[in-house]
Amino acid sequence: MQRLILLRHAKAERTATSGDDFDRALCERGKRDAKLMGEVLAERGVRPTRAWVSPALRTRETWAEAAPAFGFVEARFLNDLYHATASLMRRLIEGDEGEDGTVILVGHNPGLHQLAVDLLVEGAAGAREVDRMRGRFPTATAAVFDIDAAGRPVFDGLYLAADHGGGGGE
């Protein structure tokens, strides 16, 4: 892959009627923020060619709201992404080396947040960028990394719904 987008699911309801965390749906603000983040990324030329999405309801709904901004994108719903650790997500990414295009990974904190920090550190980002990323990774946030010819991540931007008129927040 030449580019990686890490997208945290948008704001979800606190509890599902089933009582199962897996079944938590997006709230109305979450739906608006997910759509907004798709539009923001697309307007900046950040368009995925493949999507890897946790099968939890809130991540599937985040993808469903964001996806129309990108046109056709092959989406895979991967059970392993539900509350995946940073190291598990990293193994999935490394398994995609050599493939062309841009992958968007739609997942959950804390693993997604930790992966974003790890990639910043690995890519020798500045201390200010690393500190900002360590601080928080709210709902409907996307971190974008270009992947250089040697497979190293190069930070290309952090997009928060709150910075673009969305609700933002945890």
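Rings of Phe, Tyr and Trp are taken as a pair if their centres lie within 6.5 Å. By this rule, the count comes to three aromatic pairs in this structure, which is a predicted model.

One of these pairs joins Phe22 and Tyr82. Their ring centres are 5.0 Å apart and their planes stand at 75°, so the pair is edge-to-face; the cut-off for that term is an angle over 60 degrees. The pair links distant parts of the chain, since the two residues are 60 residues apart. Phe22 sits in the loop between β1 (3-8) and α1, and Tyr82 sits in the loop between β3 (74-77) and α3 (86-94). Phe22 has a relative accessibility of 26% and therefore counts as partly exposed. Tyr82, with a relative accessible area of 25%, is partly exposed as well.

Another pair is formed by Phe145 and Phe155. Here the ring centres lie 5.6 Å apart and the planes are at 55°, so the pair is tilted. This pair also links distant parts of the chain: Phe145 belongs to strand β5 (residues 141-147) and Phe155 to strand β6 (residues 153-160), and they are 10 residues apart. Are these two residues buried or exposed? Phe145 is at 0% relative accessibility and so counts as buried, whereas Phe155, at 23%, counts as partly exposed.

The next topic is the packing of helices. Two packed helices are described by the angle between their axes and the distance between the axes. For helix α1 (residues 28-43) and helix α2 (residues 57-66), the axes come within 7 Å and cross at roughly 50°. The two helices are therefore oblique to each other, and their crossing is right-handed. On the α1 side, the contact is made by Lys31, Ala34, Lys35 and Gly38; on the α2 side, by Thr62, Glu65 and Ala66. By residue type, the contact divides into three charged, two polar and two nonpolar residues.

Two residues of that helix contact, Ala34 and Thr62, also touch Ala10. Ala10 lies in the loop between β1 and α1. Its relative accessibility is 0%, so Ala10 counts as buried. Which residues does Ala10 contact, leaving aside its neighbours within four places in sequence? They are Leu26, Gly30, Ala34, Thr62, Thr139 and Ala140. As for His83, it is 73 residues from Ala10 along the chain, and the C-alpha atoms of the two are separated by 15 Å.

Methods: Residues are numbered from 1 along each chain as its sequence is written. This is a predicted model: local features need pLDDT of at least 70, side-chain atom pairs count only at pLDDT 80 or more; totals for chains, interfaces and linings use all residues. Side-chain values use heavy atoms; hydrogens and water are left out. Axes are lines fitted to C-alpha atoms, for helices over the stretch in contact, and angles run from 0 to 180 degrees between N-to-C directions. Helices (H or I, at least four residues) and strands (E, at least two) are DSSP runs, numbered from the N terminus. Angles under 35 degrees count as roughly parallel, over 145 as roughly antiparallel, 65 to 115 as roughly perpendicular and the rest as oblique. A crossing is left-handed if the near helix is turned anticlockwise from the far one by less than a right angle, and right-handed if clockwise. Contact means heavy atoms within 4.5 Å. Ala, Val, Leu, Ile, Met, Phe, Trp, Tyr, Cys and Pro count as nonpolar, Asp, Glu, Lys and Arg as charged, and the others, Gly among them, as polar. Rings of Phe, Tyr and Trp (its six-membered ring) pair if their centres lie within 6.5 Å; planes under 30 degrees apart count as stacked, over 60 as edge-to-face and the rest as tilted. Buried means under 20% relative accessible area, exposed over 50%, partly exposed in between (1.4 Å probe, protein chains only).
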